[in-house]
Amino acid sequence: MKHVLVDDFTGGVNNGGWAYNGADVIETTGGNPGGWWHQASADTFAPIIPSAGAILAGDYRAENIGSMSFDARLDHMDFGDGTGFNMAILLRDHKGTLNVNDDDYAYYVGPNIPLQGAGWKSFDFPIPSQDTSATPAGWTGGWVGDCCGFRPGVDWNDVITSVDRVEIWFIDPSFFAIFQNWDVGLDNIQLKPA
């Protein structure tokens, strides 16, 4: 398993299995450049786009993962222009079950999402896989009982060595917002070695 992944959606290929719902479209033009992943009808408090592909699962420490980058765009939201919503990535260990109650995760909150109509914005998130502290600087742990802290007996080391899914959030995972319709896109998703 090698995690040097580039998802640029060329030719309609979606290596990471990025999916929101059945209305996802891989557009052939308009990306940054070329093809891109497009969700024009996300009715939610904020889009959360998980990877469904096993290609992103594994022991990130053993793979020496160092960062994740991608381009995002916001073409429409019903209320506001995106100000106050921060882009985030979340690494999830679901323990091989469909039950979210046993999931542990770690997330990193980055800068503001792209403003509506501003076009593509690039993001680059550090993933300090070799850090053996309980929680690396800038990262937050969570589980169903606390979105801002790891459950007792769990820390960063448990999650980073057993990532089952990567998620891209158009909001800080500890926040919630009013439901509305979103039109968003992703391109050039890369998981890179340190």
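## Partners across strand β10

In strand β10, I168 is the bridge partner of I49. Strands here are DSSP runs of E with at least two residues, while helices are runs of H or I with at least four residues, and both are numbered from the N terminus. The model you are looking at is predicted, so local features need pLDDT of at least 70 and side-chain atom pairs count only at pLDDT 80 or more, while totals for chains, interfaces and linings use all residues. Residues are numbered from 1 along each chain as its sequence is written, and side-chain values use heavy atoms, leaving out hydrogens and water.

Two strands count as a pair if DSSP finds at least two bridges between them.

What stands opposite I89 in β10? It is I168, the residue that is also the bridge partner of I49. Strand β6 (residues 86-93) and β10 run antiparallel and are joined by five bridges.

Strands of a sheet pair through backbone hydrogen bonds, and the pairing can be parallel or antiparallel.

Why is β10 described as largely enclosed by the rest of the structure? Because four of the five residues of this strand (residues 165-169) are buried. Buried means under 20% relative accessible area, exposed means over 50%, and partly exposed lies in between (1.4 Å probe, protein chains only).

## Charged pairs

Side chains of opposite charge can pair when their charged atoms come close. A search of the whole structure finds eight salt bridges, each being a side-chain nitrogen of Lys or Arg within 4 Å of a carboxyl oxygen of Asp or Glu. One of them joins R92 and D103, with the closest N and O atoms 3.1 Å apart. This pair links distant parts of the chain, 11 residues apart: R92 is in strand β6 and D103 is in the loop between β6 and β7. R92 is buried because its relative accessible area is 12%, and D103, at 4%, counts as buried too.

R92 also meets E167 in a salt bridge, at 2.7 Å from N to O. Here the two residues are 75 apart in the chain, with R92 in strand β6 and E167 in strand β10. Both R92 and E167 are buried. These residues come together in a network of salt bridges that links R92, D103, R165 and E167.

Another salt bridge is formed by K95 and D104, whose closest N and O atoms are 2.3 Å apart. Is D104 buried or exposed? D104 has a relative accessibility of 3%, so it counts as buried. K95 is partly exposed, because its relative accessible area is 39%.

## Backbone details in the loops

Most residues other than glycine have a negative phi, and most peptide bonds are trans. K95, which lies in the loop between β6 and β7 (104-112), has a positive phi near 60° and is not a glycine. N64 is another non-glycine residue with a positive value, its phi being near 55°. You can find N64 in the loop between β4 and β5 (65-77). With 30% relative accessibility, N64 counts as partly exposed.

Which residues does a cis peptide bond join? They are N32 and P33, with omega at about 0°. P33 sits in the loop between β2 (25-31) and β3 (34-44).

## A buried glycine

G35 has its place in strand β3. Its relative accessibility is 5%, so it counts as buried. Leaving aside residues up to four places away in sequence, G35 touches D8, F9, E27, T28 and D187, where contact means heavy atoms within 4.5 Å. How far apart in space are G35 and D8? From C-alpha to C-alpha they are 6.5 Å apart, although 27 residues separate them in sequence.
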